[in-house]
Amino acid sequence: MRIPSQHHLIAPGLLCLLALTQNALATEGGGGAYANGSEGFMTGALPPPGTYLVSYNTYYTANKFANDNPAFDDFEVNTAATILRAIHVTDKKILGGNWAMHAFLVAADVDVDLGAGGRQNRAGMGDFIFDPLAIGWHSGNWHWIVGMDIYLPTGRYDKNELANIGRNYVTLEPLFAFTYRNEAGYEFSMKTMFDHNYENRDTNYRSGNEVHADFVAAKHFGNWGVGIGGYAYRQVSGDSGEGAVLGDFKGRAMALGPQFTYSMTGGLNIQGRYQHEFDVQNRPEGDKFWLNIAISL
């Protein structure tokens with residue numbers, strides 16, 4: 001979402017939107033720590049020095065798991081989540097760019113239905129995410145940011161449950177985001193991330209490393225912007241550990257859909273997006289809806 005001066009922070013690493021205790025998935029639970037598709041417009045442009053608050057509100061629904069295992073023939077998941085993100089951009093310079101930091105609080109409600117395999121609904125707080133050192137630069141129509149989000153296993157988790165809010169392992173996520181926006185209002189933004197996952201000690205399962213990117217191509221008209229965006233996801237190393245009984249499983253996914261943004265006087269920005277998933281392997285395949293709100297404090 002855009003915040004004052006038409007600049008926008010990098011996307012946070014957010015909680016996994018669902019987690020299932022099944023060994024036949026690529027990455028434990030069939031999802032990663034980051035909520036793919038959460039960012040779009042101006043994601044590579046750091047805002048001016050100041051403090052900002054962002055509310056990410058999402059709903060995800062899927063009734064298909066892209067896997068040949070018959071255990072998932074009756075699969076269905078529905079997840080609603082709100083993520084509050086506090087951002088502080090300083091006027092201090094590092095390598096010529098502004099130093100920024102951010103942190104997140106997450107609340108989610110997850111409903112998982114495996115048919116004969118059982119059904120469960122759980123709600124609670126997700127994992128704590130923070131980045132103490134993000135740096136952003138500007139040069140004409142170009143803007144870019146580097147940083148590393150850190151995910152700590154503080155969310156609600158029980159290895160014996162079907163639905164979990166937390167992941168129960170640490171993830172380190174270095175990232176690079178850029179935005180190009182010209183005087184005519186044409187924009188292309190992308191944020192690329194690499195997730196290095198550590199072992200879940202409760203299950204002796206280590207999810208493979210992941211590469212993923214959020215992106216949007218858009219046109220701005222005054223306070224409005226419209227575009228097409230989504231995400232690309234690929235697991236680059238297989239799962240491992242005693243709990244990964246099926247060995248070197250890997251997941252992938254793509255998603256596309258329309259997006260809009262609207263900025264109001266006083267620093268309020270609203271973004272909406274819809275994303276339909278396709279080309280999915282070893283993960284849930286469904287649809288995501290986002291309504292994100294940003295304000296300057």
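The model is predicted, with local features needing pLDDT of at least 70, side-chain atom pairs counting only at pLDDT 80 or more, and totals for chains, interfaces and linings using all residues. Residues are numbered from 1 along each chain as its sequence is written, and side-chain values use heavy atoms, with hydrogens and water left out.

I noted that β13 gives the largest share of the patch, three residues. Ile295 lies in β13 and is partly exposed, with a relative accessible area of 31%; I took buried as under 20%, exposed as over 50% and partly exposed as in between, using a 1.4 Å probe and protein chains only.

I then turned to His143, which sits in strand β6 (residues 142–152) and is buried, with a relative accessible area of 8%. I found that His143 stands opposite Thr179 in β7, and that ten bridges join β6 to β7 (residues 171–181), the two running antiparallel; strands pair if DSSP finds at least two bridges between them.

In the hairpin of β7 and β8, which has four residues between the strands, I recorded a positive phi near 95° for Gly185.
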